[in-house]
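Here is a walk through one protein model, taken a piece at a time. Keep the viewer open and follow along.

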Amino acid sequence: MHLQLTLVEAIVPLVMPTERAYFSPWRNEYRTAQGVLHALYVFRVIDAFLGEMSYEGPVPELSRDHINERRGTIARQVQEIQDFRNCVDLTPDGAAFVERLLG
């Protein structure tokens, strides 16, 4: 997913180069806008994948619990960075992308 987003960024700039740092709940530290954007994208893709997992057939309860817990954690982390949509280091395309990821 990081590689996929890097390939997109080669064609459509999403962030402006800067040294400003923003909080990343996935690492519990401050990172560049590009680092936060990558984390947000990766975890939203993981959440979407887990959301599409089928519970049909014999799915162990432990697996169901893990999926639900992981999705809940991702949702809380995404909620923590709702203000990232106002990041001044995002290009207009980057801001639109973040808005969609946060929406």
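Is Phe23 buried, partly exposed or exposed? Phe23 is partly exposed, as its relative accessible area is 27%; buried means under 20%, exposed over 50% and partly exposed in between, using a 1.4 Å probe and protein chains only. Before going further, a word on what you're looking at: this is a predicted model, where local features need pLDDT of at least 70, side-chain atom pairs count only at pLDDT 80 or more, and totals for chains, interfaces and linings use all residues. Residues are numbered from 1 along each chain as its sequence is written, and side-chain values use heavy atoms, with hydrogens and water left out.

Back to the rings. The structure holds 4 aromatic pairs, a pair being rings of Phe, Tyr or Trp (its six-membered ring) with centres within 6.5 Å; planes under 30 degrees apart count as stacked, over 60 as edge-to-face and the rest as tilted. Among them is Phe23 with Tyr30: the ring centres are 5.6 Å apart and the planes stand at 65°, so this pair is edge-to-face. Tyr30 is exposed, at 59% relative accessible area. Another pair, Tyr41 with Phe97, is tilted, with 5.8 Å from centre to centre and 40° between the planes. Tyr41 sits in helix α2 and Phe97 in helix α4, so the pair ties together parts that are 56 residues apart in sequence. Tyr41 is buried at 13%, while Phe97 is partly exposed at 25%.

Now for the strands. Helices (H or I, at least four residues) and strands (E, at least two) are DSSP runs, numbered from the N terminus. Ser24 is in strand β1 and is buried, with a relative accessible area of 0%. Leaving aside residues up to four places away in sequence, Ser24 touches Glu29, Arg31, Val36 and Ala39, where contact means heavy atoms within 4.5 Å. In the loop between β1 (22-24) and β2 (29-31) you'll find Asn28. Asn28 has a positive phi of about 55°, although it is not a glycine, and it is exposed at 60% relative accessible area.

Next, the helix packing. Helix α1 (residues 2-11) and helix α2 (residues 33-52) pack at about 125° with their axes 10 Å apart; axes are lines fitted to C-alpha atoms, for helices over the stretch in contact, and angles run from 0 to 180 degrees between N-to-C directions. α1 and α2 are therefore oblique to each other, given that angles under 35 degrees count as roughly parallel, over 145 as roughly antiparallel, 65 to 115 as roughly perpendicular and the rest as oblique. At this contact, His2, Gln4, Leu5, Thr6 and Glu9 in α1 meet Gln34, Leu37, His38, Tyr41 and Val42 in α2.

What does α2 meet in α3? Leu40, Phe43, Arg44, Ile46, Asp47, Leu50 and Gly51 in α2 meet Ile67, Arg70, Arg71, Ile74 and Val78 in α3. The axes of α2 and helix α3 (residues 61-80) come within 10 Å and cross at roughly 145°.

Last stop: Arg100, in helix α4 (residues 92-102). Arg100 counts as exposed, at 72% relative accessibility. From C-alpha to C-alpha, Arg100 and Ala48 are 13 Å apart in space, and they are 52 residues apart in sequence.
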